[in-house]
2 protein chains.
Amino acid sequence: MALRLDYTNMLAPAVAHGVPADAWQSAAREFTRVHEAAAAQRTSGALGFLDLPGDAALRDQSVRFAESRSGSYDDIVVLGIGGSALGPVALRTALRPPYWNLLDAKRRRGSPRLHVLDNVDPRTMAALLVQVDLARTLFIITSKSGGTAETMAQYLIVHERLGAAGLDRTRHLVFVTDPRQGALRPIAEREGIPALDIPSNVGGRFSVLSPVGMLPAALIGIDVAALLKGAAAMGDRCATSDLSRNPAGAYALLQWLADTHAGAHIHVMMPYADALRDFASWFVQLWAESLGKILPAGGSVGPTPLAALGATDQHSQVQLFMEGPPDKTVTFIGVADAQGDIEIPNAYPDVRDLSYLGGKSLGALLDVERRATAGALAKRGRPNMTMTLDRVDAAHVGELIMLLEIATIYAGALYGVDPLNQPGVELGKQFTYAMMGRPGSEAARREWDTLPKPDPRHII
Amino acid sequence: MALRLDYTNMLAPAVAHGVPADAWQSAAREFTRVHEAAAAQRTSGALGFLDLPGDAALRDQSVRFAESRSGSYDDIVVLGIGGSALGPVALRTALRPPYWNLLDAKRRRGSPRLHVLDNVDPRTMAALLVQVDLARTLFIITSKSGGTAETMAQYLIVHERLGAAGLDRTRHLVFVTDPRQGALRPIAEREGIPALDIPSNVGGRFSVLSPVGMLPAALIGIDVAALLKGAAAMGDRCATSDLSRNPAGAYALLQWLADTHAGAHIHVMMPYADALRDFASWFVQLWAESLGKILPAGGSVGPTPLAALGATDQHSQVQLFMEGPPDKTVTFIGVADAQGDIEIPNAYPDVRDLSYLGGKSLGALLDVERRATAGALAKRGRPNMTMTLDRVDAAHVGELIMLLEIATIYAGALYGVDPLNQPGVELGKQFTYAMMGRPGSEAARREWDTLPKPDPRHII
């Protein structure tokens, strides 16, 4: 069955701090406008991510590359940051068995491990380069622009190590980058390094269904065709301006209304499945970087997404969600079929704290806890909604990805911001360039020098 | 050198949305009251965590147990949730080499791997139980109350598996629990299972320096004496009511003022070190569960903590921090000495996007990015502060832990809440008991039945 979204608990007055019923009804009537704005953006060619599920040629770049290198590697290492890292990590955690990188080759059925170097911490990078056998390792360098400082620094180090080891770089490096622009394209051509495409109209945080996610996924044996098929099905489902049938529309509109009409500007994503733990972090980037913006007319908007995990975070963040300020919505993700469930033995029928668990299953406990937490939040007036997947498999994860990507476009229209840019990170980049002595950063250097200096009176 | 806290960028007018100078000055004068309230709590015996660094007998419970079992295990598995999981995970990530569980025994110098089962997802638990060799595995069951549903369910499963494998449970199980109360104590006595103490006056989220954290730490070769020594030093530093010398006091007061006087109620913890990635999640529980509360007189308070990682999240959340609503403070953690730094080769002197990196080091890039981000946030009026550690080692991590624990007590006094309880999770627990059919939960069952039912009109 396809993904379901139940937003019963999002609405006031049943849930005290929920979206007011009249706001929901009038917004629902106006959803057509939002949907049409998105449709116009698509027509203009801005929403390349919507075309990824149907782009068989692009999909085949990843599938064929993976097939052609089958059996060649024990370790795949992605050098990438932001969407280039979050997408592959989310897919590995969701769609490969738990502890994938700890499993031996037999349990991995011959597929390689997948590591993602998403930071420039020298300690981590040094440890990984010692850990892998370079002769059996493929490095995927993912950067749309080919100018990402962190990824380029990692690339330079790996490039040298491969040379020092006397290895053929064209067998151990592959680029995932813009089809035409950026520093990596000419390097690929000059050095004969294979390069796969991130379509020009697909930005980093919307790129998981491009080779950014599909290449590592295909290499570690994930069914990318099923993933894209699920995404396509959700794309079709959300092609309607009828809000009662459009889950991305309902999700975006409810979150926006909760923020603007009920003060709930912190949007928690809380799957009850370890497999979706890293998916929540992928969502955080999507929602934060797309919607946190200065408005064209001045002033700031943007909800703050928060990743959580059930049942784990019931013992960490739920106290705050329940009793803290009513400034949050919680989106639960439930999984209907607990694959490989385990029965809880009844070893202590005489011990009150243990006996009630005996004979139940671990999956049942997890599901009951999700329902209990949703119910308790509702009872305390805290709005929440629940997405239900039958299973965490490629098709359902594809649905989930596309739902949230489309919802982000709708939310951009509702908040009145461009969900596709990220101008706010430019200043930090310029300061970095200035301190690293990159030519052309002299103006940033001068601006840097005007900043407040550390004040000894304010250092303890 | 001891940990430094630089809060230059927290203060207005230099940083536009920072803490107003007059608010800071008058609050600083009144800090004595807050400090004395904490001192009174300590005298009353409520703040057991403050005594953990000096409790040699308790420390030796962990150290001696670890010594007595030296060489016996390849895998340690913690069954625990909340503080019982977050503390051990944070310590492993901070104080063992990266990829610890992937390293072979030689690289681990004979110390075992450490896994933490912090959820009741059957898929994860089944995978781990296949992965480890039970005959070479120790399970630590950590539950203060002995009644934590998730941990008890896991325990029942492990208990049975060990029996089915014909293994001596007293060699493969150890409890960490209240010295007197709860279900685990009588089981330990009856079955001869060793049990270490969580002092009665130490709650879960303040327990990392008790055997909750120290036992797994000692078992995997972490220098627990150095860790406790660092914590003790910070405890001593924060024993003064002179705010200009008390980093925990300054941290708590600034966060509270930023929330109540400048609308910054989202408190981001953003280390620039992979080793502290999981430490930020430990902090999230500490801050969220301690401060997110209903006030005695009604109404809700509580800042929302958010974990981030630099430089990684510059490509995910920083756009929102920079341009979104000015509702956040960011606490950076910098590391002065990049251990095992790597030089970036200058392989492409002719490529503008790469050449400026050549000859620099990866650690320098990471540090420059932290400073650039802090500066850019300040420039945009976003308050931030920076803690600096010379190194991520046991002593400095001990300092960091104690600083934030003490700050949490101060913050409780400032917000007017009891930072040691968590009444808000009770309702969800009761609903879980009701659905699991635990005797005595009939009232919760009736309350559950009054909740709004899923409404087909609100399901897509």
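This is a predicted model: local features need pLDDT of at least 70, side-chain atom pairs count only at pLDDT 80 or more; totals for chains, interfaces and linings use all residues.
Residues are numbered from 1 along each chain as its sequence is written, chains are lettered from A and ligands numbered from 1 in the order in which they are written, and side-chain values use heavy atoms, with hydrogens and water left out.

View 1. B:Leu117 is buried, with a relative accessible area of 3%. Buried means under 20% relative accessible area, exposed over 50%, and partly exposed in between (1.4 Å probe, protein chains only). Leaving aside neighbours within four places in sequence, the residues in contact with B:Leu117 include B:Val77, B:Leu128, B:Gln154 and, from chain A, A:Tyr99. Contact means heavy atoms within 4.5 Å. B:Ile81 lies 36 residues from B:Leu117 in sequence, and their C-alpha atoms are 7.6 Å apart.

**View 2. The two sides of helix H7 of chain A.** Within H7(A), residues 184-191, the buried residues are A:Leu184, A:Arg185, A:Ile187 and A:Ala188. These four are on the same side of H7(A) because they cover an arc of only 165° around the axis, the arc being that of the directions from the helix axis to the C-beta atoms. A:Glu189 and A:Arg190, on the other side of H7(A), are exposed. The buried residues of H7(A) pack against elements including strand S4 (137-142) of chain A and helix H14 (352-355) of chain B.

**View 3. Contact between chain B and chain A.** Here 154 residues of chain B are in contact with 154 residues of chain A. Together the two chains bury about 13100 Å², 63% of it on carbon and sulfur atoms. Buried area is the accessible area (1.4 Å probe) that two parts lose on being put together, summed over both. There are 8 salt bridges between chain B and chain A. A salt bridge is a side-chain nitrogen of Lys or Arg within 4 Å of a carboxyl oxygen of Asp or Glu. A:Arg190 forms a salt bridge with B:Asp350, with the closest N and O atoms 3.7 Å apart.
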